[in-house]
Amino acid sequence: MGKMRKQRLYLDSSYISHLNEPAEPIMMAHSLQLWAHILDGDYDIVLSRVVFDELARCQEPKLSLLMDFLKRIKYAQVEPSDDLINLASKFIEFGVLTSKSVNDCRHIAAALMSSCDIVVSWNFHHMVNAKTIRGTKVISASEGFKDIIICTPTMLVSGDFDNE
């Protein structure tokens with residue numbers, strides 16, 4: 001039997017930020033564990049313009065450290081488009097998230113539009129929670145996108161979503 005295709009991960013800015021977050025040692029350790037798999041080429045990676053816009057708010061030297069991490073990997077980048085903005089607005093229209101969370105809506109929309117399997121995030125308030133996960137399932141199905149998983153790096157490094 002042939003080898004399974006690599007899972008396609010969308011990395012949101014909360015995940016990337018935790019690659020260098022000494023104040024959160026466990027989250028940083030799990031982020032770095034997943035990063036080792038990313039460096040090994042175990043996953044196809046997708047980022048969006050929103051990720052870079054959010055990371056740009058980091059102070060130095062953290063910003064440079066995070067950009068150095070990203071220079072070490074290959075990734076597809078999703079640029080803003082009318083289709084992405086329209087899809088993101090569905091999350092607000094359906095009450096999944098509020099207009100204050102428009103960037104989180106755009107992260108999920110970018111992941112859906114680029115056929116990602118998993119959104120990796122540490123954002124429990126807006127993304128890794130039952131309401132957003134359920135809402136994403138409804139919107140992805142109604143808009144003709146494949147189902148997507150939203151999870152923390154811990155779930156991936158624990159083996160819950162192995163490629164095997």
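**Entry 1: charges and provenance**

I looked up the charges first: the mean positions of the 17 positive and 21 negative charges of the chain lie 2 Å apart. I counted Lys and Arg as positive and Asp and Glu as negative, leaving out His and the chain ends. I placed each charge at NZ of Lys, CZ of Arg, CG of Asp or CD of Glu.

I note that this is a predicted model, in which local features need pLDDT of at least 70 and side-chain atom pairs count only at pLDDT 80 or more, whereas totals for chains, interfaces and linings use all residues. Residues are numbered from 1 along each chain as its sequence is written, and side-chain values use heavy atoms, with hydrogens and water left out.

**Entry 2: overall fold**

I found 8 helices and 5 strands in the chain, taken as DSSP runs (helices H or I, at least four residues; strands E, at least two) numbered from the N terminus. Their order from the N terminus is β-α-α-β-α-α-β-α-α-β-α-β-α. The radius of gyration is 15 Å, close to the 15 Å of the globule rule for 164 residues, so the chain is as compact as a globular protein of that length. The radius is taken over C-alpha atoms, and the rule is 2.2 Å times the number of residues to the power 0.38.

**Entry 3: core**

I recorded that 46% of the 164 residues are buried (under 20% relative accessible area; exposed is over 50%, partly exposed in between; 1.4 Å probe, protein chains only). The largest nonpolar core has 48 residues, and Leu11 is among those with the most contacts inside it. Helix 6 (residues 102-113) gives the largest share of this core, 6 residues. Such a core is a set of buried Ala, Val, Leu, Ile, Met, Phe, Trp, Tyr and Cys residues joined through side-chain atoms within 4.5 Å.

Beyond four places in sequence, Leu11 is in contact (heavy atoms within 4.5 Å) with residues including Trp35, Val51 and Val120. I then turned to Ser13, which lies in helix 1 (residues 13-17). Ser13 counts as buried because its relative accessibility is 9%. Leaving out residues up to four places away, Ser13 touches Val51, Glu54, Leu55 and His107.

**Entry 4: backbone exceptions**

Most residues other than glycine have a negative phi, and most peptide bonds are trans. I noted a cis bond from Glu60 to Pro61, with omega near 5 degrees. Pro61 sits in the loop between helix 3 (49-55) and helix 4 (62-71). Ser115, not a glycine, has a positive phi of about 60 degrees. Ser115 is in the loop between helix 6 and strand 4 (118-120), and is partly exposed at 41% relative accessible area.
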